[in-house]
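Student: Please take one part of this structure and look at it closely. Then set it within the rest of the chain.

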Amino acid sequence: MLNRTRVVDFVPEESGVLATAENLDTGERFEISALYLVRCDGAHSDVRRKMGAKFSGDVVVMQTQSTYIRAPQLLATIPKPAWLNVSLNPRCCGYLFAIGGRERWLIHNWRPPTGDLATLDRDRSIRQILGVDSTFPFEILAKEDWTGRRMIAERFRDRRVFLCGDAAHIWVPFAGYGMNAGIADAMNLSWKFAGVLNGWGEPAILDAYELERQPVTEQVSRYAMNTSFTRESLGSSLPHNLEEFGPEGDAVRARIGKSAYEQNVGQFCCGGLNFGYFYKNSPIIAYDGEEAPGYTIYDFVQSTVPGCRTPHVWLRSMFTSFGYFNDRQDDRTVLENMLTSLEPGGACIIEVLGKERLAKILQPTISTVLPDGTLMVERHEIFDDWTRVRNEWLLIRNGRAKSFKFHHTIYSGQELRDRMERVGLVAVKLHGNLDGDEYGPNAERLIAIGRKPASTHLKRRHTAAGDSQ
Ligand SMILES: Cc1cc2nc3c(=O)[nH]c(=O)nc-3n(C[C@H](O)[C@H](O)[C@H](O)COP(=O)(O)OP(=O)(O)OC[C@H]3O[C@@H](n4cnc5c(N)ncnc54)[C@H](O)[C@@H]3O)c2cc1C
């Protein structure tokens, strides 16, 4: 990883790419020779230009006047504090984001594509969005005016050079779509590179990158743009009696509030964007003629049609080691995650060395010679009356040593059963091994089997201080 370094030029060659980089502190220039170049250099990517991959789309979708403020008195004026407040009124509409939760806020004043932001009275717009008068105190920490666009690069690849993230696509910034899509690009490319560089994938699989990602990002860009248009139309068609006192005004506000809520919950709970998309024309997917289900940015249907994301499957049963954490709260989280991942009625199996068994066999130091001649020295230290063991393993072979240290949380059979039941697992049974032998000091292992209740309405018991004990 080279920090404070800028790539100033590159030359694609037959067998690789030769890039010229510059150290930003010293100005020194040097060359980097690589098999591939992936440019994640953002919306202003000079590589895209160099590749001749033009951005095309909608040059202006909307404009925004963004201001970052400190307003210590604002929180007290908001009836229900939230991360995002949507302000809708006939004078000026905008979003108010909580930054830090107390004093600092980001305000986006959304404006239509036409109009001059430079002549817009920032102070007045902020006060109109916040619903405060000219005496309300706030301090501007930073400000930026920007134009929302929808632009997709015509090509994501030129021979050994690839574009990824905002270098390949930009759209109006709603709900994490930009970052999500950039990460999905990088994931898509990374496994293909792993295949090619490690020799288990043909270089031809890299052709699939652009064919898979470009259509999906094109779709996302349109979803984002349409979200912007819907938001704009809500703000520009507010009923005349929105601010009237009385039942009529209350009913109008409830209706508009519901629309704003649905619009925003939809855009932020973007399951379709994350899980619903479909790679339609990939040269490395074996299609079987089945039609993929449609999706929106919010909703999707899980499907095994080739090209869809592998469906999420509720597990019928899980088998896990447990207890290899430093504290019991982490173990509790493991149990809670297991419960969440199981289908109703599904089982989880936990296999550990229980306290009863360990108390019998654990010695401070155990040395063993492994079949390959490695000397393994185990040291165990018991803490807090058998709640924790510190393990240290030393492996010595041919005069070289490697050591591993970790903590291990210890449970008796009864303690483990209690903990499983506390997170909501039911019918917990203890066994001495997987054949169902009885558990006790002479058992090989402690095996606990619990079930997720068949009803999906789980009751979790929470104890405050005792939880992590
Ligand atoms: C106002 C605004 C709000 C946004 N809000 C959200 C949001 O809420 N959620 C969301 O997901 N997305 C949001 N986005 C979009 C999001 O920021 C981008 O999609 C995301 O940052 C893109 O990541 P990236 O790594 O592709 O590019 P960038 O974040 O632009 O990173 C590019 C990097 O490359 C470096 N670089 C550039 N040229 C060179 C060079 N020649 N050599 C070496 N390094 C170089 C730059 O210094 C930079 O660090 C928002 C964008 C804006 C403008």
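Tutor: Asp384 counts as exposed because it has 8 C-beta neighbours inside 10 Å. The model is a predicted one, in which local features need pLDDT of at least 70 and side-chain atom pairs count only at pLDDT 80 or more, while totals for chains, interfaces and linings use all residues. Residue numbers start from 1 along each chain as its sequence is written.

Asp384 sits in the loop between strand 16 (375-383) and strand 17 (388-397). Strands here are DSSP runs of E with at least two residues, and helices are runs of H or I with at least four, both numbered from the N terminus. The phi of Asp384 is positive, near 50 degrees, and the residue is not a glycine. Most residues other than glycine have a negative phi. Trp386 belongs to the loop between strand 16 and strand 17 as well. Its phi is also positive, about 70 degrees, although Trp386 is not a glycine. Trp386 has 14 C-beta neighbours inside 10 Å, so it counts as partly exposed.

Now the setting. An automatic or database domain assignment supplies the domain bounds, and it divides the protein into domain 1 (55-153) and domain 2 (318-459). The centres of the two domains, taken over C-alpha atoms, are 52 Å apart.

The protein as a whole has nine helices and 20 strands. Its radius of gyration is 29 Å, well over the 23 Å that the globule rule gives for 469 residues, so the protein is more spread out than a compact globule. That radius is taken over C-alpha atoms, and the rule is 2.2 Å times the number of residues to the power 0.38. Along the principal axes, the C-alpha atoms fill a box of roughly 80 × 70 × 55 Å. Of the 469 residues, 25% are buried. Two residues are in contact if their C-beta atoms, placed from the backbone, lie within 7 Å. Among contacts between residues at least 6 apart in sequence, 62% join residues at least 24 apart.

Strands pair if DSSP finds at least two bridges between them. Strand 6 and strand 7 are joined by a hairpin through six residues, and they pair over four antiparallel bridges. Leu84 has Phe97, in strand 7, as its bridge partner. Strand 7 (residues 94-99) also pairs with strand 8 (residues 104-111), in the antiparallel sense over six bridges. There, Phe97 has Leu106 of strand 8 as its bridge partner.

Terms used. Buried ≥ 20, exposed ≤ 12 C-beta atoms within 10 Å, placed from the backbone.
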